[in-house]
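Biologist: Can you put the model up? I have some questions about how it packs.

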Amino acid sequence: MIHDHELAWNNCLALIKKNIDAQPFKTWFEPIKPIKFEKDVLTIQVPNKFFYEWLEEHYVSILKKAIKNELGSSGKLEYQILIENHRKLSTPVTTTIINKSENESKFINPFVIPGIKKIKIDHQLNPKYTFEKFVVGECNKFPTSAGKAIALNPGGTAFNPMVIYGDVGVGKTHLVQAIGNEIVSKNIGKQVLYVTVEKFTNQVIQAIRSQSVNDFMNFYQMVDVLIIDDIQFLSSRPKTQEIFFNIFNQLHQSGKQIIITSDRAPKDLIHLEERLISRFKWGLVADLRAPDYDTRLQILDKKLADVSLTLTNEIKEYICHHIKNNIRELEGVVISLVAQSTFNKRNVDMKLAKEVIRQFVSQVDKEISVENIKALVAAQFEVSVEKIQSKTRMRNVVMARQLSMYLAKNYTNSSLKMIGDSFGGRDHSTVIHSLKAIQDMIDTDQLFKDRVNAIVKKVQTTLTNN
C-alpha cells in the first residue's frame, strides 16, 4: 500500500501524461499539488473552483483511470480548493470526493428499463452552459438568435433541424446546451436529450449486442428535443448512420426538434451518407465563426470575473491580440495566470502574461500597446502621460491626447471603447472626434504631418525591435 502522497500523485501524472497532449497537461495538471494520502483517499490541491470544474468536465475519465491504476478499485480522489480574494489565500476547503462508479460516468440506455413510457429522461446537459453566460458578438449573433427562437418554440420553427458548424473552441457545445437548458427551464414536460456522437455510437453497439435495437430506437423517439454533438464523427460508421437516419426521420416527421453540431459545413462532411447530408440541409445551417476582438475581450472579462482576477487593460489587450480563435485557450490562459499567481506567489504583470501566452501560441506577434504610444507621444510633446490622461484642455496636451488616440487606433488592436477607457474613461465618440481632428490636421498642415511621421517611425522601430 502506498502512503507517500507525492509518489502516488507522480505515478498518476505519469499515466495521465501518456494520454493527453503536452499543453493541456502543463496547463491543467502541473499546477496541482498533492496534499495527503489517507485511507485510500488521495487529496490534491487546485487553485480555484473554476480549475476544479474544468478537470471534472474534461478530464474526469483519465483521472479515474489513473487513480484506479495507482490505488486500486477502492482508491478515491479528493480536491482541496484555494479560495482566492485579491491574491490573499484563505483556508483550503474540501470538495466532494471524485469516485463515481462506472455507471455514473456513462450515459445509461434507459430503453432496457421496464415501463419505458413512464420514465423521465436525464437530459445530460451541463447547467453551466446558459445563454446568460454565452457572450454574443458579430461572430455568433445569427446562430444565437436562431437558438433563442428554437428555445421558445422547439419543433415549431423553420429551424429544424438546426446545424451549427465551426472550428474547435468557438462555442458550439455551449450554444446548443444553452438552447437545451432554456427549453428545460421553460417547457416543463419536454423531453430533452444531449448526446455526443461518440456516446450515441457506443449505445448503438450496446443495443446491437443485446439485440435491443428496436427498443433503442423507441427510446429515442420519445425525445422532444435531440441535441447531437460532433456529427462529423459519424463518418465511416454505416450501421450507426442507418439507425440515426431512421431516428432522425421519425423525430422530424413527428415535429420534434433536432439540433446538430459539426466542425464543418454539411456539404463538406465526408464518408457520410448523402441522404443524411440532404436532411441536415432541410432546416437552418449556421456558421459559428471565431470570435472577433471585441467578443474575445468580453469573454476574457467573464472568465476573469469567474476567478476573481483583475488585469490591466494593457494585459487584456495583449491576451486578446494573441489568442484569436479558440475560447478554450482563453480559459487556459486565465487558469495558467491564476495558477502562477497562486502557487508561485507572482504578480500578474505583463512579463507573466507573455510567459503564459508563449505556452499557447507558437509565435508571439510583435506588438505595441496603447501605453507605449502614450509614452512616445508624451516625450515628443514634452508633457507627462498623466497630463495626457487628465481632463486638462491645454492646447498642447489636447493635441498630444488626440494624436495618441489616433496612433492607438492605427497601431493596436484596441477597440474604440478600450482606447477611451485608457485615456481617463472617455467615451468612444470622443475617440472618433480625435481621430477625425488628427486626420484633418495631417491633410492640411505639412509641419504637423512631418511631426506625426517622426512619431510613427518611432512606433515602427518599437515594433521592429520588440
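Modeller: Start with helix 13 (residues 313-322): eight of its 10 residues are buried, so the rest of the structure largely encloses this helix. Buried means under 20% relative accessible area, exposed over 50%, and partly exposed in between, with a 1.4 Å probe and protein chains only. Helices (H or I, at least four residues) are DSSP runs numbered from the N terminus. The model is predicted, so local features need pLDDT of at least 70 and side-chain atom pairs pLDDT 80 or more, while totals for chains, interfaces and linings use all residues. Residues are numbered from 1 along each chain as its sequence is written, and side-chain values use heavy atoms, without hydrogens and water.

Biologist: Which residues of helix 13 are buried?

Modeller: Ile 315, Lys 316, Glu 317, Tyr 318, Ile 319, Cys 320, His 321 and His 322.

Biologist: What do they pack against?

Modeller: The buried residues of helix 13 pack against helix 12 (293-306), helix 14 (327-343), helix 15 (350-360), helix 16 (370-381) and helix 19 (416-422).

Biologist: Cys 320, then: how accessible?

Modeller: Cys 320 has 0% relative accessibility, so it counts as buried. Cys 12 is buried too, with a relative accessible area of 0%.

Biologist: How many disulfides?

Modeller: Zero, where a disulfide is a pair of cysteine sulfur atoms within 2.5 Å.

Biologist: New topic. At what angle do helix 18 and helix 20 pack?

Modeller: Helix 18 (residues 395-411) and helix 20 (residues 428-444) pack at about 95 degrees, and their axes are 8 Å apart. Axes are lines fitted to C-alpha atoms over the stretch in contact (heavy atoms within 4.5 Å), and angles run from 0 to 180 degrees between N-to-C directions.

Biologist: Parallel or perpendicular?

Modeller: Helix 18 and helix 20 are roughly perpendicular, a label for angles of 65 to 115 degrees.

How values were computed:
Helix = DSSP H or I, 4+ residues; strand = E, 2+ residues; numbered from the N terminus. Parallel < 35°, antiparallel > 145°, perpendicular 65-115°, else oblique.
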